[in-house]
Amino acid sequence: MTVTFDTDIGSDVDDVLALATILGSPELELAGVTTVYGDTLLRARMVARVAAVAGRSAGPIVAGRFETRSGREVWWAGHEGVLLPELDREQVSTGVDPIELLAGSATVIAVGPLTNVCEAVDRPGIERLYVMGGDFSSAKAEHNVTCDVDAAAIVFGSGVPATVIGLDQTTRIRLGGAVVARIEQAGPLGRLLAGEMRQFWKFTASDSNVPHDPAAVLMLTDPELFTFATGRIEVDDAGFTRFTPGADGPHRIVTDLDTEQVPRRIVDRILVACGAG
């Protein structure tokens, strides 16, 4: 299956792990990547570097919208790209419209704020979305949604079919020290990923991370590991996501997952991308 990847790579380490998960999934063909939110050119160059180290094509890599639809100020961690020297040498696609690239893609995996995607769903082309975003326990408002509430509301209000995993499920899984040790031994890409993981752990004062975005990829490649419910997602002004079950709804959310197999499959696919699987 051909997919396009929309990402805010560089802040939380889960984006770069999701990219590696896609590159390590032989059933997926990466047709292109768009970046979103903040310094999208730097983010695009990070994608190019990861693809080059992996020895894989990512299709056109295009810097997308850097400002939010809602006007909310962009949050920037400050460590984006610092472990990847001379990123300005990486070539990205400058003659490609990121919104046209997304709109021309039947399947989009979106793991950042939905600023790019909200423009793309206004045009014919996208048949299905796989999204990391929201929290369907109603416990909190999730980062990707709150960063651009207006964009999220447009996407979920568009009626485009979307399969979504929220914080209520992704936070049930983690990748820790044993995983990073395995990945680090898996060649140049493994060392790059391990460095990014440890950098994020230092930033969050933790010894592990939640693979939110790789789990979104697995909804497409390994759906048997998840339980889904069909209905409709709505976003309120504060960024809370509400799900109403209904057989005729355009959305599916994850209501359960295999907490042992999901992280295991993520790591297996990352190791394939590293050439060690």
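Start with the largest pocket, which has a volume of about 450 Å³. A pocket here is an open set of points on a 1 Å grid over the protein atoms alone, where a 1.4 Å probe fits, with protein on both sides within 12 Å along at least five of seven lines. Its volume is the space filled by probe spheres set on the points, with grid points joined across faces, edges and corners.

Before selecting anything else, note that this is a predicted model: local features need pLDDT of at least 70, side-chain atom pairs count only at pLDDT 80 or more, and totals for chains, interfaces and linings use all residues. Residues are numbered from 1 along each chain as its sequence is written, and side-chain values use heavy atoms, with hydrogens and water left out.

Lining residues have an atom within 4 Å of a point. Next, color H1, helix H5 (143–147), helix H9 (187–204) and helix H10 (212–221), the elements that each give two or more residues to this lining. H5 provides the largest share, four residues. Helices are DSSP runs of H or I with at least four residues, strands are runs of E with at least two, and numbering goes from the N terminus. By class, the lining holds nine nonpolar, nine polar and ten charged residues, where Asp, Glu, Lys and Arg count as charged, Ala, Val, Leu, Ile, Met, Phe, Trp, Tyr, Cys and Pro as nonpolar, and the others, Gly among them, as polar.

**The sheet**

Now switch to cartoon view. Nine strands make an open, mixed sheet, ordered S3-S2-S1-S4-S5-S6-S9-S7-S8; two strands pair if DSSP finds at least two bridges between them. At the edges, pairing on one side only, are S3 (61–63) and S8 (241–245). From one strand to the next, the twist averages 30°.

Zoom in on S4 (107–110) and S5 (128–132), parallel strands joined by four bridges. Ala110 sits opposite Val131 in S5. Then pick S9 (251–257): S6 (162–165) pairs with S9 in the parallel sense over three bridges, with Thr163 partnering Arg252. S7 (226–235) runs antiparallel to S9, joined by six bridges, and Phe228 has Val254 as its partner.

**Helices on the sheet**

Last stop: show H1 (14–23), which lies across S1 (2–7), S2 (29–35) and S4, at about 170° to S1. Contact means heavy atoms within 4.5 Å; angles run from 0 to 180 degrees between N-to-C directions, with axes fitted to C-alpha atoms, for helices over the stretch in contact.
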